[in-house]
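Work through the exercises below with the sequence and the model in view. Each task is followed by a solution in steps.

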Amino acid sequence: MADIKQVKFDEEFDEDFGSHFEAQLAKRGELNLTGDFSGFLREVQDKVGSLALVLHNKEAILEALLARLAVKGSLAIEPLCACLAALARDLRQEFYPFLLPRVLPVLLAILDVQSAEVLEDVVFRLLPADER
């Protein structure tokens, strides 16, 4: 069985960042230089800086994130899923209204791909450990 990757938020969260989402952006921005992720980073970089900014710009951030996740054959699925999980963690209950109408259809479209790695990135990064 393949190793299951997990985002360990509490271990990876740096108090210098205002949110888990911002911390993931910084980490993934250094590691992932694909066009899809770089474009996403440019699009949202002025919308983060504190948890309050992330909460205020949640719809624009989520829209940009879902648009990049919807790109067929993207090489940035894994870091984008990590950012989506971090955003959900920051938004907490404010994330739920977006889940069924907007997030789930995009994730299900990604699952249509015949790649076990993509399936792992989508499912195991976004589900809490006790729900797997």
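**Exercise 1.** Which residues does F40 touch, not counting residues up to four places away in sequence?

Solution. The model is a predicted one. Leaving out residues up to four places away in sequence, F40 touches F21, L25, I61, A64, L65, R68, L80 and C83. F40 itself is buried, with a relative accessible area of 0%.

**Exercise 2.** Find the aromatic pairs in the whole structure and describe the geometry of each.

Solution. Step one: a search of the whole structure gives two aromatic pairs. Step two: one of them joins F21 and F40, with 6.4 Å centre to centre and 80° between the planes. An angle over 60 degrees counts as edge-to-face, so the F21 and F40 pair is edge-to-face. F21 lies in helix α2 (residues 20–31) and F40 in helix α3 (residues 35–44), 19 residues apart, and the pair links distant parts of the chain. F21 is buried, with a relative accessible area of 0%. Step four: F37 and F40 form a pair with 5.9 Å centre to centre and 55° between the planes, which is tilted. F37 and F40 are three residues apart in helix α3, so about one helical turn separates them. F37 is buried, as is F40. Step five: F21, F37 and F40 together make one aromatic cluster.

**Exercise 3.** Which residues touch the most other members of the largest nonpolar core, and which elements give two or more residues to this core?

Solution. Step one: the core has 28 residues, and F21, F40 and L69 touch the most other members. Step two: α2, α3, α5 (58–69), α6 (77–91) and α7 each give two or more residues to this core. Step three: α6 supplies the largest share, eight residues.

**Exercise 4.** Where does the kink in helix α7 lie, and which residues of α7 are buried?

Solution. Step one: in helix α7 (residues 96–111), a kink of about 50° lies at V103, shortly before the proline P105. Step two: F98, V103, V106, L107 and I110 are buried in α7.

Note on methods: Residues numbered from 1 in each chain as written. Predicted model: local features only at pLDDT ≥ 70, side-chain atom pairs only at ≥ 80, totals over all residues. Heavy atoms only, no water. Bend = angle between axes of the 7 residues up to and from the residue. Helix = DSSP H or I, 4+ residues; strand = E, 2+ residues; numbered from the N terminus. Buried < 20%, exposed > 50% of the residue type's maximum accessible area, 1.4 Å probe, protein only. Phe/Tyr/Trp six-rings, centres within 6.5 Å; stacked < 30°, edge-to-face > 60°. Core = buried A, V, L, I, M, F, W, Y, C linked by side-chain atoms within 4.5 Å. Contact = heavy atoms within 4.5 Å.
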